[in-house]
Amino acid sequence: MVNANKHKIQDIAKFISPFQSDNRSLVGNLGYSTTEIENQLKEYINKQPQSFFQVAQDDSGEIRGFFGVIFSDPNTVRMFGPYATDIENEWEEISETFFKKILEKCKLWKDIKLRVAFTQKNELLKRFYEAHEFEQYNAERTLVLERHEWQRKRSEINDPSNGPIEIRPYRHTDFLDFLNIHPKGAYFNAHYIVQNLNDFHTLNMAVLDDWVVGYVYYEDFIADEFTDICFLNVLQSARNRRIGTKLVKKAIKDSFQKSKIKKIEISVRVDNTAAFRLYQRLGFKETITYLAYELKF
(Lines give C-alpha, C1' and ligand atoms only; values in the text may rest on other atoms or scores of the structure.)
Protein backbone atom coordinates (compact mmCIF):
# COMPACT_ATOMS: atom_id res chain seq x y z
CA MET A 1 0.00 0.00 0.00
CA VAL A 2 1.49 3.34 -1.05
CA ASN A 3 0.30 6.92 -1.32
CA ALA A 4 -1.23 7.79 -4.66
CA ASN A 5 1.45 10.40 -5.32
CA LYS A 6 3.88 7.52 -5.87
CA HIS A 7 2.05 6.87 -9.14
CA LYS A 8 1.07 9.08 -12.02
CA ILE A 9 -2.50 10.27 -11.58
CA GLN A 10 -3.17 9.22 -15.17
CA ASP A 11 -2.24 5.61 -14.34
CA ILE A 12 -4.60 5.65 -11.36
CA ALA A 13 -7.39 7.07 -13.51
CA LYS A 14 -6.82 4.34 -16.08
CA PHE A 15 -7.15 1.78 -13.31
CA ILE A 16 -10.41 3.26 -11.95
CA SER A 17 -12.18 3.96 -15.26
CA PRO A 18 -13.16 0.35 -16.15
CA PHE A 19 -14.85 -0.03 -12.75
CA GLN A 20 -16.86 3.15 -13.34
CA SER A 21 -18.06 1.78 -16.68
CA ASP A 22 -19.78 -1.16 -14.99
CA ASN A 23 -22.89 -0.59 -12.84
CA ARG A 24 -21.87 -3.55 -10.67
CA SER A 25 -18.78 -1.67 -9.46
CA LEU A 26 -19.73 1.98 -10.06
CA VAL A 27 -19.06 4.38 -7.16
CA GLY A 28 -20.78 7.77 -6.95
CA ASN A 29 -19.18 11.20 -7.45
CA LEU A 30 -16.46 10.05 -9.85
CA GLY A 31 -16.53 10.37 -13.62
CA TYR A 32 -16.36 7.54 -16.11
CA SER A 33 -13.52 8.24 -18.52
CA THR A 34 -9.82 8.29 -17.69
CA THR A 35 -9.67 12.00 -18.51
CA GLU A 36 -12.53 13.02 -16.20
CA ILE A 37 -11.30 10.91 -13.30
CA GLU A 38 -7.77 12.27 -13.75
CA ASN A 39 -9.11 15.85 -13.70
CA GLN A 40 -11.14 15.18 -10.56
CA LEU A 41 -8.26 13.58 -8.66
CA LYS A 42 -5.93 16.45 -9.59
CA GLU A 43 -8.51 18.97 -8.40
CA TYR A 44 -9.02 17.15 -5.10
CA ILE A 45 -5.28 16.80 -4.48
CA ASN A 46 -4.62 20.47 -5.29
CA LYS A 47 -7.53 21.93 -3.34
CA GLN A 48 -7.87 19.51 -0.43
CA PRO A 49 -4.71 18.98 1.58
CA GLN A 50 -6.56 16.46 3.77
CA SER A 51 -7.55 14.30 0.79
CA PHE A 52 -6.17 10.79 1.14
CA PHE A 53 -5.59 8.48 -1.82
CA GLN A 54 -3.93 5.08 -1.58
CA VAL A 55 -3.08 2.40 -4.12
CA ALA A 56 -2.24 -1.27 -3.71
CA GLN A 57 0.53 -2.45 -6.00
CA ASP A 58 2.30 -5.73 -6.69
CA ASP A 59 6.07 -6.29 -6.74
CA SER A 60 6.32 -4.98 -10.29
CA GLY A 61 4.55 -1.73 -9.33
CA GLU A 62 1.31 -2.57 -11.14
CA ILE A 63 -1.77 -1.09 -9.48
CA ARG A 64 -4.04 -3.75 -7.98
CA GLY A 65 -6.38 -1.58 -5.93
CA PHE A 66 -7.41 1.99 -5.04
CA PHE A 67 -9.17 3.74 -2.17
CA GLY A 68 -9.54 7.47 -1.52
CA VAL A 69 -11.34 10.01 0.65
CA ILE A 70 -12.08 13.72 0.33
CA PHE A 71 -13.77 16.23 2.63
CA SER A 72 -17.04 17.51 1.16
CA ASP A 73 -17.39 19.68 4.27
CA PRO A 74 -15.40 19.99 7.52
CA ASN A 75 -17.33 17.11 9.11
CA THR A 76 -18.02 14.81 6.16
CA VAL A 77 -15.56 12.45 4.51
CA ARG A 78 -16.60 11.06 1.13
CA MET A 79 -15.14 7.72 0.13
CA PHE A 80 -14.12 6.47 -3.31
CA GLY A 81 -13.91 2.70 -3.47
CA PRO A 82 -12.40 0.41 -2.49
CA TYR A 83 -11.58 -0.99 -5.92
CA ALA A 84 -9.52 -4.13 -6.47
CA THR A 85 -8.71 -6.09 -9.62
CA ASP A 86 -8.90 -9.65 -8.34
CA ILE A 87 -12.25 -10.02 -6.59
CA GLU A 88 -11.85 -13.69 -5.67
CA ASN A 89 -8.34 -13.58 -4.19
CA GLU A 90 -7.34 -10.00 -3.37
CA TRP A 91 -10.43 -7.85 -2.91
CA GLU A 92 -11.09 -8.56 0.76
CA GLU A 93 -7.46 -8.23 1.86
CA ILE A 94 -6.90 -4.99 -0.07
CA SER A 95 -10.21 -3.47 1.05
CA GLU A 96 -9.73 -4.29 4.71
CA THR A 97 -6.19 -2.87 4.69
CA PHE A 98 -7.36 0.33 3.03
CA PHE A 99 -10.27 0.73 5.43
CA LYS A 100 -8.05 0.20 8.48
CA LYS A 101 -5.87 3.10 7.31
CA ILE A 102 -8.94 5.31 6.91
CA LEU A 103 -10.13 4.49 10.42
CA GLU A 104 -6.70 5.33 11.84
CA LYS A 105 -6.93 8.77 10.27
CA CYS A 106 -10.49 9.29 11.48
CA LYS A 107 -9.35 8.90 15.08
CA LEU A 108 -7.56 12.23 14.62
CA TRP A 109 -10.79 14.01 13.62
CA LYS A 110 -13.83 14.82 15.74
CA ASP A 111 -17.54 14.47 14.90
CA ILE A 112 -16.77 12.98 11.50
CA LYS A 113 -19.22 11.22 9.20
CA LEU A 114 -17.94 8.75 6.63
CA ARG A 115 -20.14 8.62 3.55
CA VAL A 116 -20.13 6.59 0.37
CA ALA A 117 -22.50 6.19 -2.59
CA PHE A 118 -22.64 3.32 -5.04
CA THR A 119 -25.11 1.74 -7.42
CA GLN A 120 -27.80 -0.61 -6.25
CA LYS A 121 -26.14 -3.37 -8.31
CA ASN A 122 -22.82 -2.98 -6.47
CA GLU A 123 -23.43 -5.87 -4.09
CA LEU A 124 -19.74 -6.09 -3.20
CA LEU A 125 -19.62 -2.63 -1.61
CA LYS A 126 -23.06 -3.08 -0.06
CA ARG A 127 -21.85 -6.16 1.85
CA PHE A 128 -18.53 -4.52 2.71
CA TYR A 129 -19.95 -1.32 4.21
CA GLU A 130 -22.81 -3.03 6.02
CA ALA A 131 -20.26 -5.40 7.58
CA HIS A 132 -18.46 -2.28 8.88
CA GLU A 133 -21.68 -0.93 10.45
CA PHE A 134 -22.47 1.69 7.83
CA GLU A 135 -26.20 2.42 7.56
CA GLN A 136 -28.14 3.47 4.50
CA TYR A 137 -29.43 7.04 4.83
CA ASN A 138 -30.56 7.77 1.28
CA ALA A 139 -31.39 6.24 -2.08
CA GLU A 140 -31.58 8.22 -5.30
CA ARG A 141 -32.79 7.39 -8.78
CA THR A 142 -30.64 8.76 -11.59
CA LEU A 143 -32.42 10.04 -14.68
CA VAL A 144 -30.86 10.95 -18.03
CA LEU A 145 -31.93 13.39 -20.74
CA GLU A 146 -30.34 12.80 -24.15
CA ARG A 147 -29.78 15.73 -26.50
CA HIS A 148 -31.91 14.19 -29.26
CA GLU A 149 -34.73 13.48 -26.79
CA TRP A 150 -34.74 17.12 -25.63
CA GLN A 151 -34.86 18.36 -29.23
CA ARG A 152 -37.98 16.25 -29.72
CA LYS A 153 -39.54 16.94 -26.33
CA ARG A 154 -39.06 20.68 -25.87
CA SER A 155 -41.69 21.63 -28.47
CA GLU A 156 -44.27 19.73 -26.37
CA ILE A 157 -43.46 21.62 -23.16
CA ASN A 158 -45.13 24.92 -22.42
CA ASP A 159 -42.72 27.55 -21.15
CA PRO A 160 -43.58 28.74 -17.66
CA SER A 161 -44.88 32.27 -17.54
CA ASN A 162 -42.05 34.73 -17.07
CA GLY A 163 -43.91 36.66 -14.39
CA PRO A 164 -41.73 38.19 -11.66
CA ILE A 165 -39.28 35.26 -11.45
CA GLU A 166 -35.72 36.01 -12.61
CA ILE A 167 -33.15 33.26 -13.25
CA ARG A 168 -29.62 34.64 -13.02
CA PRO A 169 -26.07 33.59 -12.09
CA TYR A 170 -25.03 33.42 -8.44
CA ARG A 171 -23.62 36.59 -6.84
CA HIS A 172 -21.51 36.65 -3.70
CA THR A 173 -24.24 38.67 -1.98
CA ASP A 174 -26.58 35.67 -2.41
CA PHE A 175 -24.62 33.44 -0.07
CA LEU A 176 -26.76 33.70 3.07
CA ASP A 177 -29.92 33.08 1.05
CA PHE A 178 -28.23 30.17 -0.69
CA LEU A 179 -27.09 28.76 2.65
CA ASN A 180 -30.65 28.99 3.95
CA ILE A 181 -32.05 26.97 1.02
CA HIS A 182 -29.26 24.42 0.58
CA PRO A 183 -30.02 21.14 2.43
CA LYS A 184 -28.12 20.53 5.64
CA GLY A 185 -25.99 17.42 5.34
CA ALA A 186 -25.86 17.51 1.54
CA TYR A 187 -22.89 15.72 0.01
CA PHE A 188 -21.35 19.10 -0.92
CA ASN A 189 -22.02 21.96 1.47
CA ALA A 190 -22.75 25.55 0.42
CA HIS A 191 -19.22 26.82 1.09
CA TYR A 192 -17.69 24.05 -1.02
CA ILE A 193 -19.99 24.82 -3.95
CA VAL A 194 -19.39 28.57 -4.12
CA GLN A 195 -15.64 28.16 -3.66
CA ASN A 196 -15.45 25.87 -6.68
CA LEU A 197 -17.56 27.80 -9.22
CA ASN A 198 -15.88 28.08 -12.61
CA ASP A 199 -16.61 27.54 -16.31
CA PHE A 200 -17.59 23.93 -15.58
CA HIS A 201 -19.38 24.38 -12.21
CA THR A 202 -22.47 26.61 -12.49
CA LEU A 203 -24.86 27.99 -9.88
CA ASN A 204 -28.01 29.84 -11.01
CA MET A 205 -30.46 31.51 -8.67
CA ALA A 206 -34.22 32.04 -8.88
CA VAL A 207 -35.09 35.53 -7.63
CA LEU A 208 -38.55 36.84 -6.72
CA ASP A 209 -38.86 40.52 -5.76
CA ASP A 210 -35.11 40.70 -4.96
CA TRP A 211 -35.48 37.61 -2.80
CA VAL A 212 -33.61 34.39 -3.64
CA VAL A 213 -36.19 31.59 -3.55
CA GLY A 214 -34.36 28.73 -5.28
CA TYR A 215 -31.27 27.59 -7.15
CA VAL A 216 -29.85 24.96 -9.46
CA TYR A 217 -26.22 23.79 -9.39
CA TYR A 218 -24.68 21.69 -12.16
CA GLU A 219 -21.28 20.47 -13.30
CA ASP A 220 -20.03 19.76 -16.83
CA PHE A 221 -17.98 16.63 -17.49
CA ILE A 222 -16.69 17.53 -20.93
CA ALA A 223 -14.59 14.42 -21.52
CA ASP A 224 -17.56 12.23 -20.58
CA GLU A 225 -19.88 14.46 -22.65
CA PHE A 226 -22.51 15.02 -19.95
CA THR A 227 -23.75 17.55 -17.41
CA ASP A 228 -24.68 16.49 -13.88
CA ILE A 229 -27.44 18.56 -12.25
CA CYS A 230 -26.29 18.08 -8.67
CA PHE A 231 -28.77 20.19 -6.71
CA LEU A 232 -32.16 21.77 -7.40
CA ASN A 233 -33.98 23.36 -4.47
CA VAL A 234 -36.83 25.85 -4.01
CA LEU A 235 -38.07 27.38 -0.77
CA GLN A 236 -41.21 25.69 0.53
CA SER A 237 -43.03 29.04 0.62
CA ALA A 238 -42.27 29.67 -3.07
CA ARG A 239 -43.32 26.30 -4.50
CA ASN A 240 -46.15 25.64 -6.97
CA ARG A 241 -45.01 28.54 -9.17
CA ARG A 242 -43.07 26.32 -11.62
CA ILE A 243 -39.80 27.79 -10.36
CA GLY A 244 -38.19 24.35 -10.35
CA THR A 245 -39.21 23.87 -13.99
CA LYS A 246 -37.63 27.19 -14.97
CA LEU A 247 -34.41 26.36 -13.14
CA VAL A 248 -34.10 22.92 -14.76
CA LYS A 249 -34.87 24.31 -18.22
CA LYS A 250 -32.17 26.95 -17.73
CA ALA A 251 -29.65 24.21 -16.87
CA ILE A 252 -30.74 22.17 -19.89
CA LYS A 253 -30.48 25.13 -22.23
CA ASP A 254 -27.03 26.13 -20.95
CA SER A 255 -25.73 22.57 -21.12
CA PHE A 256 -26.91 21.72 -24.62
CA GLN A 257 -25.52 24.99 -25.96
CA LYS A 258 -22.14 23.32 -25.45
CA SER A 259 -21.53 21.09 -28.44
CA LYS A 260 -19.61 18.47 -26.46
CA ILE A 261 -22.48 17.83 -24.03
CA LYS A 262 -24.59 14.92 -25.28
CA LYS A 263 -26.71 14.18 -22.20
CA ILE A 264 -27.74 15.51 -18.79
CA GLU A 265 -28.00 13.49 -15.58
CA ILE A 266 -30.01 14.31 -12.49
CA SER A 267 -30.69 12.36 -9.31
CA VAL A 268 -33.79 12.41 -7.13
CA ARG A 269 -34.60 10.74 -3.83
CA VAL A 270 -36.72 7.64 -4.36
CA ASP A 271 -39.50 9.13 -2.22
CA ASN A 272 -39.58 12.50 -4.03
CA THR A 273 -42.34 11.66 -6.47
CA ALA A 274 -43.12 15.28 -7.36
CA ALA A 275 -39.58 15.96 -8.57
CA PHE A 276 -39.50 12.61 -10.36
CA ARG A 277 -42.66 13.50 -12.32
CA LEU A 278 -41.22 16.93 -13.18
CA TYR A 279 -38.08 15.42 -14.69
CA GLN A 280 -40.10 12.84 -16.59
CA ARG A 281 -42.25 15.61 -18.11
CA LEU A 282 -39.06 17.25 -19.33
CA GLY A 283 -37.94 14.05 -21.06
CA PHE A 284 -35.61 12.52 -18.46
CA LYS A 285 -35.60 8.71 -18.30
CA GLU A 286 -34.71 6.61 -15.27
CA THR A 287 -31.45 4.64 -15.47
CA ILE A 288 -29.84 3.47 -12.22
CA THR A 289 -30.35 3.84 -8.47
CA TYR A 290 -27.61 4.93 -6.06
CA LEU A 291 -27.52 3.91 -2.41
CA ALA A 292 -25.89 6.27 0.11
CA TYR A 293 -24.36 4.87 3.29
CA GLU A 294 -22.99 6.59 6.38
CA LEU A 295 -20.94 5.84 9.49
CA LYS A 296 -20.86 8.42 12.29
CA PHE A 297 -18.10 8.78 14.86
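Predicted model: local features only at pLDDT ≥ 70, side-chain atom pairs only at ≥ 80, totals over all residues.
User: Why are H1 and H2 called oblique to each other?

Analyst: Their axes cross at roughly 125° and come within 8 Å. Angles under 35 degrees count as roughly parallel, over 145 as roughly antiparallel, 65 to 115 as roughly perpendicular and the rest as oblique. H1 and H2 are therefore oblique. The axes are lines fitted to C-alpha atoms over the stretch in contact, with angles from 0 to 180 degrees between N-to-C directions. The crossing is also right-handed (the near helix is turned clockwise from the far one by less than a right angle).

User: What makes up the contact of H1 with H2, by class?

Analyst: Contact means heavy atoms within 4.5 Å. On the H1 side, the residues include Ile9, Ile12, Ala13 and Ile16; on the H2 side, Ile37, Leu41 and Ile45 are among them. By class, there are seven nonpolar, four polar and three charged residues. Ala, Val, Leu, Ile, Met, Phe, Trp, Tyr, Cys and Pro count as nonpolar, Asp, Glu, Lys and Arg as charged, and the others, Gly among them, as polar.

User: How do you know how H3 lies against H4: parallel, perpendicular or oblique?

Analyst: The axes of H3 (residues 91-106) and H4 (residues 123-131) cross at roughly 45° and come within 12 Å. That makes H3 oblique to H4. H3 passes H4 in a right-handed crossing. Trp91, Ser95, Glu96 and Phe99 of H3 meet Leu124, Leu125, Phe128 and Tyr129 of H4, which gives six nonpolar, one polar and one charged residues.

User: What makes a set of residues a nonpolar core, and which have the most contacts inside the largest one?

Analyst: The set has to be buried Ala, Val, Leu, Ile, Met, Phe, Trp, Tyr and Cys residues joined through side-chain atoms within 4.5 Å. The largest core here has 95 residues, and Phe66, Met79, Tyr129, Tyr279 and Phe284 have the most contacts inside it. Leaving aside neighbours within four places in sequence, Tyr279 is in contact with Leu143, Leu232, Val248, Ile266, Val268 and Phe284.

User: Why is Lys121 called exposed?

Analyst: Buried means under 20% relative accessible area, exposed over 50%, partly exposed in between (1.4 Å probe, protein chains only). Lys121 has 56%, so it is exposed. Lys121 is found in the loop between strand E5 (113-119) and H4. Leaving aside neighbours within four places in sequence, Lys121 is in contact with Asn23 and Arg24.

User: Is Asn29 buried, partly exposed or exposed, and what about Asn240?

Analyst: Asn29 has a relative accessible area of 26%, so it is partly exposed. Asn240 has 82%, so that one is exposed. Asn29 lies in the loop between H1 (9-20) and H2 (34-47), and Asn240 in the loop between E10 (226-234) and H8 (243-256).

User: What is phi of Asn29, and of Asn240?

Analyst: Phi of Asn29 is near 75° and phi of Asn240 is near 70°. Each value is positive in a residue other than glycine.

Notes. Residues numbered from 1 in each chain as written. Heavy atoms only, no water. Helix = DSSP H or I, 4+ residues; strand = E, 2+ residues; numbered from the N terminus.
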